[in-house]
Amino acid sequence: MKKWIKQLGLAILGLTLAITLTACSQKTHSTTTRATTNLHLQQAGTLTIGLEGTFQPYSYRKNGQLTGFEVDLGRAIAKKMGLKAKFVPTKFDALIAGLAVNKYDVVINDIAETPQRQQKYLFSTPYIYSKSQLAVKKNATITQLTAIKGQKVAQTTTSNNAADAKRLGATVVPTDGFEQSIALVTQGRVSGTINSREAFYAYFKQNPTAHLKLIATGNAIKTQKIGAIVTKKHAKLQQRLSTAIRALRQDGTLTKLSKRYFGGDVTKP
């Protein structure tokens, strides 16, 4: 009789625990659902992310699979928010405009926060602090940024880097992009090229024996903040993205991803 009562008690206890755990799980799921419903996502339970998918090491394909710093970052942000990440590769010229037609919820694509963009969009807290540097040949006599005055530098003509070079008195030699600019420097056809430290970090990671050296720009060129972009009607989403990014900064994930893809930490001011 005592044995039977003991067994019945254990059974009741087990049932009570099961009901309690189920209730807790349902409560957690309900709370998460309510929180994400208020974000007005394109797809429930999913953070849809717009990016280029052709810009190494930010987002690119390796063996047919999408990878890169901002791909891993997007997945980490979504996970912090209790969501799944979905990526929508889009050409750069149409990338930001895709937000206005609800093609995706957010753009994560190495896009700098500027006064012009702030008029139309909301930016999350930065995940990259983009600092410019000057690349010159190792044996160059140039030792500081101001020495490019009167010199030729290779830049894409519509870039902020070209504008900075002109402001500093250099003559801009037009190029199609980063690789061509680097080539002109190594060939000695120009004195140098200005670009972000993360672009140079990624280049040196792939080309460790390159005969180039980097010169810091100090306060001569303003640090650019790189964040995730949403439309102004998604203020709550902006807040949740920022909270997730701050958590990833605090737990070391941002630094870890940066060192993996850039060979250095570009996530700190």
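A residue counts as buried under 20% relative accessible area, as exposed over 50%, and as partly exposed in between (1.4 Å probe, protein chains only). Asp251, at a relative accessible area of 41%, is therefore partly exposed. This is a predicted model, in which local features need pLDDT of at least 70 and side-chain atom pairs count only at pLDDT 80 or more, while totals for chains, interfaces and linings use all residues. Residues are numbered from 1 along each chain as its sequence is written, and side-chain values use heavy atoms, leaving out hydrogens and water.

**Overall make-up**

- The protein chain has 10 helices and 14 strands; these are DSSP runs numbered from the N terminus, with helices (H or I) of at least four residues and strands (E) of at least two.
- Of its 269 residues, 45% count as buried.
- The accessible surface of the protein chain is about 15000 Å², and 53% of it belongs to carbon and sulfur atoms; the areas come from the Shrake-Rupley method with a 1.4 Å probe, and for residues only the protein chains shown count as cover.
- Among contacts (heavy atoms within 4.5 Å) with a separation of 6 or more, 70% are between residues 24 or more positions apart.

**Nonpolar cores**

- A nonpolar core is a set of buried Ala, Val, Leu, Ile, Met, Phe, Trp, Tyr and Cys residues joined through side-chain atoms within 4.5 Å.
- The largest such core has 37 residues, and Leu47, Leu73, Ile77, Met81, Tyr127 and Leu241 have the most contacts inside it.
- Strand 1 (46-51), helix 2 (69-80), helix 9 (235-250) and helix 10 (253-262) each supply at least two residues of this core, and helix 2 gives the largest share, six residues.
- Not counting residues up to four places away in sequence, Leu47 touches residues including Ile77, Met81, Val106, Leu237 and Leu241.
- A second, separate core of 14 residues includes Leu134, Val136, Ala162 and Ala165.

**Salt bridges**

- The structure holds five salt bridges, each a side-chain nitrogen of Lys or Arg within 4 Å of a carboxyl oxygen of Asp or Glu.
- Lys80 pairs with Asp251, with the closest N and O atoms 3.1 Å apart; Lys80 lies in helix 2 and Asp251 in the loop between helix 9 and helix 10, 171 residues apart.
- Lys80 is partly exposed at 45% relative accessibility.
- Arg75 and Asp72 meet at 3.6 Å, N to O, and both lie in helix 2, three residues apart, about one turn of the helix.
- Arg75 is partly exposed at 41% relative accessibility, whereas Asp72 is buried at 15%.
- Arg167 and Asp164 have their closest N and O atoms 3.2 Å apart; the two are three residues apart in helix 6 (residues 160-167), so about one helical turn separates them.
- Salt bridges that share partners join Asp72, Arg75 and Arg260 into one network.

**Aromatic pairs**

- Rings of Phe, Tyr and Trp (its six-membered ring) pair if their centres lie within 6.5 Å, with planes under 30 degrees apart counted as stacked, over 60 as edge-to-face and the rest as tilted.
- By this rule there are seven aromatic pairs.
- The ring centres of Phe178 and Tyr203 are 5.9 Å apart and the planes are at 70°, so this pair is edge-to-face.
- Phe178 in helix 7 (residues 178-186) and Tyr203 in helix 8 (residues 197-206) are 25 residues apart.
- Tyr203 is buried at 12% relative accessibility.
- Phe55, Tyr58, Phe69, Tyr127 and Phe262 form one aromatic cluster.

**Ser181**

- Ser181 is found in helix 7 and is buried, with a relative accessible area of 4%.
- Leaving aside neighbours within four places in sequence, Ser181 is in contact with Ala154, Gln155, Thr175 and Thr193.
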